[in-house]
Amino acid sequence: MIERGKRMEYQSTRNAGYRADSVQAVLEGIAPDGGLYIADPAEIPFDWQSVLRCSAREMSARILQALLPDFPDMRGLVEKAYEGKFETEDLTPLVQVGDRYVLELFRGPTSAFKDVALSVLPQLVTAGRSLEGAEGDVVILTATSGDTGKAALEGFHDVPGTRIVVFYPYKGVSRVQELQMSTQKGKNVRVCAVRGNFDDAQTGVKKIFAACSGRDLGGKTLSSANSINIGRLAPQVMYYFKAYADLLAAGRIGMGEEVCFVVPTGNFGDILAGYYARRLGLPVGRLVCASNQNNVLTDFIRTGVYDRRREFYKTNSPSMDILVSSNLERLLFLLCRNGEKVADYMRRLSEEGVYTVEKELLTELQSDFACGCCDDEASLRTIGEVFRQYGYLMDPHTAVAWNVSGQVRETVGGMPMVVLSTASPYKFPTACLKALGGSPDEDEFAVMRQLREISGMPIPRNLAGLQEEPVLHTDVIGKEDMLDYVLRYLAE
Ligand SMILES: *Cc1c(COP(=O)(O)O)cnc(C)c1O
């Protein structure tokens, strides 16, 4: 018999009546009413200063223990999660670039920041399954704008007691991203392209959850690897602490001094993890939400009106091509603590495509968050400028954040600025090479080599080897066929 840790209550953002402990919240992924599971980190007793003296893994274990206290052996889970997977022992190195800092989150097995969390999530799901005494498989459903899919496949493939289905927008991801997914090996994996964009895929997945709620799935349960799952969000909190600890250790800041973080944002998961860090006590100054041309969040943070009724752009930072940012719902809840109100906003968003938050909520939001956006042209120009000036090559997502960090300089005063870098430039080689003034070949692997010639930066092994891998997944379906697709797979 395995002993559980302390119980902690999570509840749905839309209805306090739907409650779960942290193990159930991870296993379910989303609350039965479509809300997201939430507990306020500010109410957890947490010694944030002592955590700053820990190694990256120990730091991760302590934070996760605080946020997900029902898992008894978090230290063991974290060790297993990261063992041999990352390029560096400290997981997420901080690099100084000019007068700013870049937090490199892409040193994991699939070269995107999602690896930090998706290395841990399978451990949580497996441990949770045995704590709950579950017999059937946990089936992970994932909608991806390009990076979550591969990171989740990497984490879950061949993990006993789990299966994973990944949906990505057909022709909506880079060639490298597509190959990363379509060449995925493993007995328990499915990868399928959906004719539609990321929002269609994400809405489709949410609909599958709703349709399967309370339905007999032959002992199987559904869960999610998207940041709607608290088990995916919580492991990300660590790197804000890690960056702060690195700045302290290097003597760049004093204990208690505020640091500003600029976050390339899509589904609002990464930046929300920063807000969690702040609510756990870390001196996080402004959190700056950086968007590409799909700037629904910039408008929202400026005006309090969230309006998704607008053109959807395919940009060269595709992982941020999102108009419905799921995790904003958690922030709204933490700001108003009123499930009925959040449910109403979400109902309006789904039925009318727009909602407006109240003045007080907006004022509070604006005291914690700043924002900015830039288009493809500006992000490419940024990649070129930063490379020429500092010899540092960044991917287009990071470049959006770097560009926005320049825009908000005045707003944040002299606060030290950390720009989160969410992907390796080699995941988006064509855009990067163009930005450096090169003429990209048709073949993205040739482009990677061209990019290496110019930058001198090594190509991550997981990407270099991709070209030789056989393509194993070729399914393409309409967005209305996603439920059938999953039901058929469940029946196998
Ligand atoms: C997922 C992703 C983002 C956006 O992160 P969210 O948590 O969805 O806001 C930004 N950049 C890259 C490279 C990503 O993969």
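## Pockets and helix contacts in a predicted model

The lining of the second largest pocket divides by class into 10 nonpolar, eight polar and 10 charged residues (Ala, Val, Leu, Ile, Met, Phe, Trp, Tyr, Cys and Pro count as nonpolar, Asp, Glu, Lys and Arg as charged, and the others, Gly among them, as polar). This is a predicted model, in which local features need pLDDT of at least 70 and side-chain atom pairs count only at pLDDT 80 or more, while totals for chains, interfaces and linings use all residues. Residues are numbered from 1 along each chain as its sequence is written, and side-chain values use heavy atoms, with hydrogens and water left out.

A pocket is an open set of points on a 1 Å grid over the protein atoms alone, where a 1.4 Å probe fits, with protein on both sides within 12 Å along at least five of seven lines; lining residues have an atom within 4 Å of a point. A volume is the space filled by probe spheres set on the points.

| Pocket | Volume | Lining |
|---|---|---|
| Largest | about 1100 Å³ | 47 residues |

In the largest pocket, Ile 30, Gly 34, Lys 206, Phe 209 and Ala 210 lie nearest the centre. Its lining has 20 nonpolar, 13 polar and 14 charged residues. H9 gives the most to this lining, with nine residues. Among the other elements that each supply at least two residues are helix H14 (328-336) and strand E9 (221-224).

H14 also packs against helix H16 (residues 359-368): the axes, lines fitted to C-alpha atoms over the stretch in contact, come within 10 Å and cross at roughly 110 degrees. H14 and H16 are therefore roughly perpendicular (65 to 115 degrees). Leu 331, Leu 332, Leu 335 and Cys 336 in H14 meet Leu 361, Glu 364, Leu 365 and Asp 368 in H16, contact meaning heavy atoms within 4.5 Å. Six of these residues are nonpolar, none polar and two charged.

The axes of helix H3 (residues 56-67) and helix H4 (residues 74-82) come within 9 Å and cross at roughly 130 degrees. That makes H3 oblique to H4. The contact of H3 with H4 has five nonpolar, two polar and four charged residues.

Methods. Axes are lines fitted to C-alpha atoms, for helices over the stretch in contact, and angles run from 0 to 180 degrees between N-to-C directions. Helices (H or I, at least four residues) and strands (E, at least two) are DSSP runs, numbered from the N terminus. Angles under 35 degrees count as roughly parallel, over 145 as roughly antiparallel, 65 to 115 as roughly perpendicular and the rest as oblique.
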